[in-house]
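Here's a quick tour of one protein model, helices and salt bridges included. Have a look at the fold, then read on.

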Amino acid sequence: TDPSVFTVNLMEAKPEPGLYKLSVSAQPVKTEPRLVGNLGVVLPLKVMCTVAVDSFEIGVGDSDQTTQPKFDKVLFPSKLGHVLEVDSQQKLVARFVLRDKASGKAVTVHQAFLRFEHKASNREILFVADQDPNTLGYRFDLDIGGKAQEFGQLSGVYSLHLIVGDVILSNSFSWLLADVRLKLALDASQAPSATSIYQPKPEIKHLFREPERRPPVAVSTFFTGLVAVPFLILLILWVKLGVNISNFPFSLSALGFHLGLGAIFTLFGFFWLQLNMFQTLKYLMGLGVVTFLCGNQLLARIAANRKKHSH
């Protein structure tokens with residue numbers, strides 16, 4: 001009744017389920033330049049459907065294919081009436097088709113999994129069901145012996161669920177379809193606790209390398225004296241030959257330079273004995289600046305004296 005409201009029934013065209021982009025344009029009877037954005041407006045459109053599982057069959061056969069699987073039919077959403085027995089020399093096979101309830105056509109979904117849940121430990125493992133591109137049916141072929149490590153070699157009864165989901169499905173579901181008893185290396189009593197991953201782990205204790213044995217005190221003292229021998233020889237030779245310090249300039253810069261240089265060597269000794277690197281660098285910065293300034297002034301004075309004597 002409202003002339004400004006327009007409707008269209010898209011479902012009359014019976015579109016396939018999926019994601020679409022709907023382009024909408026509106027052209028007024030009289031051209032109005034002030035109307036913008038009314039041509040080619042793209043709107044997202046999702047056509048949803050309800051699916052049902054059709055012809056679900058599950059069976060057990062030998063892994064080496066000496067005998068073909070014997071299938072049991074399971075009606076959705078009921079559960080298989082007996083427990084399937086499977087050992088490590090056999091395989092579990094399932095096949096089914098997902099159909100749109102409205103059209104009856106086979107549907108491809110993004111998620112089709114079979115989930116095994118161990119009843120005693122609540123451990124679970126997921127496997128993907130593969131789709132045949134020709135028939136669009138799904139098939140699941142599981143070699144129990146080949147996947148024993150993924151099951152943790154854990155025997156016992158597993159609940160088998162079919163999980164189907166997609167963005168276009170209005171009834172994504174998880175269907176408990178059967179119980180399967182697997183016969184592997186470990187029984188249910190050996191199953192690790194499902195909450196064990198949340199318990200405190202054992203403390204990690206690091207074993208550091210033991211320090212090397214120190215030499216006896218007598219040996220250390222002997223080599224310390226041996227290192228000091230060249231300096232002692234130097235002092236003896238100075239006394240024997242006579243040291244001429246008459247040309248030593250007794251100025252502030254000369255005293256500062258030599259005292260600073262001696263202080264730096266002393267600082268290196270304390271670095272080896274008790275100071276760390278950061279403490280040493282802090283003291284070295286102050287001593288280095290003083291020694292540099294005094295040494296620069298001393299060298300300038302010596303150069304000036306040499307130039308004066310040369311003339």
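What follows covers a helix, a nonpolar patch and some salt bridges.

This is a predicted model, where local features need pLDDT of at least 70, side-chain atom pairs count only at pLDDT 80 or more, and totals for chains, interfaces and linings use all residues. Residues are numbered from 1 along each chain as its sequence is written, and side-chain values use heavy atoms, with hydrogens and water left out.

**Helix 3**

Let's start with helix 3, residues 277–310. Helices (H or I, at least four residues) and strands (E, at least two) are DSSP runs, numbered from the N terminus. At 1.5 Å a residue (times one less than the number of residues), its 34 residues should span 50 Å, and the end C-alpha atoms sit 47 Å apart, which agrees.

The buried residues here (under 20% relative accessible area; exposed is over 50%, partly exposed in between, with a 1.4 Å probe and protein chains only) are Thr-280, Thr-291, Cys-294, Gly-295 and Leu-298. They pack against helix 2, residues 252–273.

**The nonpolar patch**

Leu-261, Phe-265, Phe-268, Phe-271, Trp-272, Leu-273, Met-277, Phe-278 and Leu-281 make a nonpolar surface patch of about 1100 Å². For such a patch, nonpolar side chains (Val, Leu, Ile, Met, Phe, Trp, Tyr) are joined within 5 Å, using residues with over 30% relative accessible area and no salt bridge. Helix 2 and helix 3 are the elements giving two or more residues to the patch, and helix 2 gives the most, with six. Phe-265 sits in helix 2 and counts as exposed because its relative accessibility is 55%.

**Salt bridges**

How many salt bridges does the structure hold? There are 12, each being a side-chain nitrogen of Lys or Arg within 4 Å of a carboxyl oxygen of Asp or Glu. Here are three of them:

| Pair | N to O distance |
|---|---|
| Arg-99 and Asp-54 | 2.7 Å |
| Arg-181 and Glu-85 | 2.5 Å |
| Lys-91 and Asp-141 | 3.7 Å |

Arg-99 is in strand 6 (residues 90–100) and Asp-54 in strand 3 (residues 51–62), so this pair ties together parts 45 residues apart in sequence. Arg-181 and Glu-85 form a salt bridge too; Arg-181 belongs to strand 12 (residues 173–183) and Glu-85 to strand 5 (residues 84–87), so parts 96 residues apart in sequence are tied together. Lys-91 also has its salt bridge with Asp-141, linking strand 6 to strand 10 (residues 138–143) across 50 residues. Lys-91 counts as buried at 8% relative accessibility, while Asp-141, at 42%, is partly exposed.

Methods. Contact means heavy atoms within 4.5 Å. Patches are made of residues with over 30% relative accessible area and no salt bridge: like charges are joined within 9 Å, nonpolar side chains (Val, Leu, Ile, Met, Phe, Trp, Tyr) within 5 Å. Accessible areas come from the Shrake-Rupley method with a 1.4 Å probe; for residues, only the protein chains shown count as cover.
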